[in-house]
Amino acid sequence: MKRYNVILFIYIVFFIFWIALFISQKHTLALKGENFYWFSIYYKKRVWFVDKNAKIYNVLPEDDLNSSFFVTGLDIDEENGTVSASLISLIPKDIPDIVFEINLKEKYISTVNSSIIYLTNIEDVENCINVLKTIGEYLDSGKRFIFKNGKLYSI
């Protein structure tokens with residue numbers, strides 16, 4: 001009878017460790033999930049979801065355009081599931097909800113209220129995004145702006 005109690009005790013200890021490991025792993029995955037999505041790309045009539053490591057992790061048909069913002073003007077390496085590295089460094093890691101599209105080839109940012117901000121320098125994307133975090137919701141709908149030398153001017 002003692003032998004069975006020892007085996008049962010060892011089994012219970014391993015079971016408790018297994019549960020603790022499972023819970024901690026699930027908590028770690030939940031924390032990583034918060035920083036998983038970075039932006040979306042509309043490419044070849046599909047929506048391509050990109051994570052913060054510039055890897056494509058999901059592709060949906062164009063019917064599922066529920067993403068909050070898009071980045072256009074990037075090239076996709078379909079074989080490796082990555083986004084071109086040349087312009088990826090220009091995209092800020094935190095994009096506010098006011099931004100609808102960042103077009104790196106045409107050098108403009110459009111907002112959810114249909115305002116368009118043209119950039120004189122493509123490297124000003126992050127500075128412009130930081131300005132939009134503060135004043136983006138106050139921009140007039142459908143207006144055009146130019147971002148130059150850290151300032152936003154109405155056209």
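Guide: A residue is called exposed when its relative accessible area is over 50%, buried when that area is under 20%, and partly exposed in between. With that in hand, and remembering that this is a predicted model, we can turn to tyrosine 11, which is placed in helix H1, a helix covering residues 2–34. Its relative accessible area is 56%, and because exposed means over 50%, tyrosine 11 counts as exposed. Tyrosine 11 also belongs to a nonpolar surface patch of about 840 Å², whose other members include Leu8, Ile12, Phe15 and Trp18.

Phenylalanine 15 has a relative accessible area of 41%, so it is partly exposed.

Now to their rings. A pair of aromatic rings is described by two things, the distance of the centres and the angle of the planes. The structure holds six aromatic pairs. In the one formed by tyrosine 11 and phenylalanine 15, the centres are 6.4 Å apart and the planes stand at 15°; since planes under 30 degrees apart count as stacked, this pair is stacked.

For a second example, take phenylalanine 49 and tyrosine 57, whose aromatic pair is tilted, with 6.3 Å from centre to centre and 45° between the planes. Here phenylalanine 49 counts as buried, at 12% relative accessibility, while tyrosine 57, at 33%, counts as partly exposed.

How values were computed
Residues numbered from 1 in each chain as written. Predicted model: local features only at pLDDT ≥ 70, side-chain atom pairs only at ≥ 80, totals over all residues. Heavy atoms only, no water. Patch = residues over 30% accessible without salt bridge, like charges linked within 9 Å, V, L, I, M, F, W, Y side chains within 5 Å. Areas by Shrake-Rupley, 256 points an atom, 1.4 Å probe, with all protein chains shown as cover. Salt bridge = Lys/Arg side-chain N within 4 Å of Asp/Glu carboxyl O. Helix = DSSP H or I, 4+ residues; strand = E, 2+ residues; numbered from the N terminus. Phe/Tyr/Trp six-rings, centres within 6.5 Å; stacked < 30°, edge-to-face > 60°. Buried < 20%, exposed > 50% of the residue type's maximum accessible area, 1.4 Å probe, protein only.
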